[in-house]
Amino acid sequence: MNTPETFIFIGRSGSGKGTQAEILKQYLEKNTPSPVTYVQTGQRFRDFTAQNTHTALLAREVIETGALMPEFLGVWNWSSIFVDSIKGDEHLILDGMPRRLREAHIFDSAMEFYGRKMPMVIYLDISHDTAKERLLGRGRADDNHEDIDRRLAWFETDVVPVLEWYERDRNYNFVRINGEQPVEQIAADIMGEFQKIYGNNN
């Protein structure tokens, strides 16, 4: 694999996106010559809302009232990283974005601008019940029943249309992975799809 590639992990909260993104990151670092940039939008946004800027305080109020974050902040979250950090020779691994259809269209324009062809979209498919069970089990402060139900409902209304668009769009390599399997089997399934797309010499 001599060309820098782009990998997008999408799935319900609790689907294991971060775990599988890290496994892929380690594989790419070991087996390809390109550096890897790993964009964790969820963690970056949590770090941002912990600040005391005016925008961060307003964003925190949105979270506390249970409302949906405005789209421009989602776009800013990853686009500012692109503008500041992309050098052109790196693999990109993106965890948990884009989350809305209009954001996906803007992201598509970024891929065209940077000449990133045929990104691999990896959908880790788990049920609502499995997602809720995993989230309750990890014990994070925002993982209570009400917040979890709200985030999972947003997945159905906002993210599912993004998945449907990627599945139809021939400019993306869309793969659906059973995310309810053991971590090792999920990683093996992802690697199997990886080999189909990029060949057996990676």
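Visitor: Hi! By class, what residues does the lining of the second largest pocket have?

Guide: Hello! This is a predicted model, and in it that lining has four nonpolar, two polar and four charged residues.

Visitor: Which residues line the second largest pocket?

Guide: Asp 108, Met 111, Glu 112, Gly 115, Arg 116, Lys 117, Met 118, Pro 119, Asn 171 and Tyr 172 do.

Visitor: And how much space lies in the second largest pocket?

Guide: About 170 Å³.

Visitor: Let's switch to helices. At what angle do α5 and α7 pack?

Guide: The angle is about 40° for α5 (residues 101-113) with α7, and their axes lie 8 Å apart.

Visitor: Which residues make the contact?

Guide: On α5, Leu 101, Ala 104, His 105, Phe 107 and Asp 108 take part, and on α7 the partners are Asp 158, Pro 161, Val 162, Trp 165 and Tyr 166. Sorted by class, the α5 contact with α7 has seven nonpolar, one polar and two charged residues.

Visitor: Nice. What about α2 and α3, at what angle do they pack?

Guide: Helix α2 (residues 41-49) meets helix α3 (residues 54-65) at about 110°, with the axes 8 Å apart. So α2 and α3 are roughly perpendicular to each other. From α2 the contact uses Phe 45, Phe 48 and Thr 49, and from α3 it uses Thr 55, Ala 56, Ala 59, Arg 60 and Ile 63. Those residues divide into five nonpolar, two polar and one charged.

Visitor: How far apart are the axes of α2 and α4?

Guide: They are 10 Å apart, and α2 packs with α4 (residues 71-85) at about 105°. That angle makes α2 roughly perpendicular to α4.

Visitor: Which residues in α2 meet α4?

Guide: Thr 41, Arg 44, Phe 45 and Phe 48 do, and in α4 they meet Leu 73, Trp 76, Asn 77, Trp 78, Ser 80 and Ile 81. The classes here are six nonpolar, three polar and one charged. Phe 45 and Phe 48 also belong to the contact with α3.

Visitor: New topic! How many salt bridges does a search of the whole structure find?

Guide: It finds 12. One example is Arg 12 with Glu 156, whose closest N and O atoms are 2.3 Å apart.

Visitor: Where are Arg 12 and Glu 156 in the chain?

Guide: Arg 12 is in the loop between β1 (6-11) and α1 (17-31), while Glu 156 is in helix α7 (residues 145-168). The pair links distant parts of the chain, 144 residues apart.

Conventions. Residues are numbered from 1 along each chain as its sequence is written. This is a predicted model: local features need pLDDT of at least 70, side-chain atom pairs count only at pLDDT 80 or more; totals for chains, interfaces and linings use all residues. Side-chain values use heavy atoms; hydrogens and water are left out. On a 1 Å grid over the protein atoms alone, a cavity is a set of points where a 1.4 Å probe fits but cannot get out, and a pocket is an open set with protein on both sides within 12 Å along at least five of seven lines; lining residues have an atom within 4 Å of a point. Grid points are joined across faces, edges and corners, and a volume is the space filled by probe spheres set on the points. Ala, Val, Leu, Ile, Met, Phe, Trp, Tyr, Cys and Pro count as nonpolar, Asp, Glu, Lys and Arg as charged, and the others, Gly among them, as polar. Axes are lines fitted to C-alpha atoms, for helices over the stretch in contact, and angles run from 0 to 180 degrees between N-to-C directions. Helices (H or I, at least four residues) and strands (E, at least two) are DSSP runs, numbered from the N terminus. Angles under 35 degrees count as roughly parallel, over 145 as roughly antiparallel, 65 to 115 as roughly perpendicular and the rest as oblique. Contact means heavy atoms within 4.5 Å. A salt bridge is a side-chain nitrogen of Lys or Arg within 4 Å of a carboxyl oxygen of Asp or Glu.
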